[in-house]
Amino acid sequence: MTNGFETLAIHAGQEPDPLTGAVVPPIYATSTYKQDGVGGLRSGYEYSRSANPTRTALEEALAAVEGGARGLAFASGLAAEDTVLRTVCKPQDHVIIPNDAYGGTYRLFAKVYERWGLHYDPVPLGSLDAVAGAMTQKTKMIWVETPTNPLLGIADIAGLAELAHENDALLVVDNTFASPYLQRPLDLGADIVVHSTTKYIGGHSDVVGGALVARDKELGDELAYHQNAMGAVAGPFDSFLTLRGLKTLGVRMDRHCDNAERIVDLLLAHPKVTQVLYPGLAGHPGHEVAAKQMKRFGGMVSFRVAGGEAEAVAVCDRAKLFTLGESLGGVESLIEHPGRMTHASAAGSPLEVPSDLVRLSVGIETIDDLLADLTQALG
């Protein structure tokens, strides 16, 4: 059987419905299931927090496209992150996190888990020496974003996996920015992949969700136990929408990448842009690593502008086709000021982002329209 990405995204876990032949998995809007006698579960279903057929289809498809042993779907990306941390870690353990990370991830560590007794250190993950120097006997996990949010830094997944395993730690990779179409961390040695499926996998800005995929079945089963015990699961309708988005991920990502590359060319030539952050650029410090572990370089672009914070905010305000908004990965293009929006929770911390930074989620619109809008927004 063919195992191409698009084939798996469309067919894995999604056999035609045996009752009607429906080619799309039905939305099983039920909380409970009739049992065949006491303790006799029909097809393994008893209660929809524990399992739901629509969610099962999504989870099997996610595991297939990431090349993992088990996939799990959650109510949000942060719910997935919370489940990983409480499954793997305990108070007084230590985690290495990126020194450039999603603001919500930083908030989870700094405002929630620090009170629980979990220690963490932000480290530039592009440097294996820096990570090795930050490891302690209590380090249970290296938490990776690559590319990072919002500075688009690159980390060597295979190198970090080797370093983690030498120290009896796990490597967890947030693969949201790349998506499984562009990057498969489990193939490079990662233990767990995290997604905000709200972003590229969902792809249409109409559903919030998260996912975990484990390389090892035993670890996947342990995560599944905590998923059920903690309860932040994806509902059947959200699972349906996310599964629908996954089917077209490959073709959408190709257009996201095409458009982003054209946007980068425009920004490089613009006199008001002082720096362009995109791993596809030969001058990007992580370009060679990204070229080895990514199929292409993604649809996220960040840049800095002359004129400081005021001008960065003004560029966001002047954009018309680029919608001013948080989130990313949808078919429509978004623009935001990370310092005041997605990364406000990191203000005053080692993860504070430059105030003159603008982040773009480049959508799949007609590229000439996007170029024209960005040109007028830059002034």
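## Salt bridges: the rule and the count

A salt bridge here is a side-chain nitrogen of Lys or Arg within 4 Å of a carboxyl oxygen of Asp or Glu. By this rule the structure has 18 salt bridges. Side chains of opposite charge can pair when their charged atoms come close.

The model is predicted: local features need pLDDT of at least 70, and side-chain atom pairs count only at pLDDT 80 or more, while totals for chains, interfaces and linings use all residues. Residues are numbered from 1 along each chain as its sequence is written, and side-chain values use heavy atoms, with hydrogens and water left out.

Take Lys90 and Asp93. Their closest N and O atoms are 3.4 Å apart in a salt bridge. Lys90 is partly exposed at 47% relative accessibility. Asp93 is buried at 4%.

Arg244 pairs with Asp206, with 2.8 Å between the closest N and O atoms. Arg244 sits in helix α9 (residues 236-247), and Asp206 sits in the loop between β6 (192-196) and β7 (210-214), so this pair ties together parts that are 38 residues apart in sequence. Helices (H or I, at least four residues) and strands (E, at least two) are DSSP runs, numbered from the N terminus. Arg244 has a relative accessible area of 34% and is partly exposed. Asp206 is partly exposed too, at 37%.

Glu311 and Arg318 form a salt bridge of 2.7 Å, N to O. Glu311 is buried, at 18%, and Arg318 is partly exposed, at 30%.

Some salt bridges share partners. Asp254, Asp258, Glu261 and Arg296 are joined this way into one network.

## The open sheet

Which strands form the open sheet, and in what order? Five strands line up as β8-β9-β12-β11-β10, with mixed pairing. Two strands pair if DSSP finds at least two bridges between them. β8 (273-277) and β10 (323-324) are the edges; each has a single partner strand, so one side of each lacks a neighbour in the sheet.

β10 runs parallel to β11 (residues 334-336), and two bridges join them. Leu324 stands opposite Ile335 in β11.

## The helix across the sheet

Helix α12 (residues 308-318) lies across β9 (300-305), β10, β11 and β12 (357-361). Its angle to β9 is about 135 degrees. Axes are lines fitted to C-alpha atoms, for helices over the stretch in contact (heavy atoms within 4.5 Å). Angles run from 0 to 180 degrees between N-to-C directions.

Methods:
Buried < 20%, exposed > 50% of the residue type's maximum accessible area, 1.4 Å probe, protein only.
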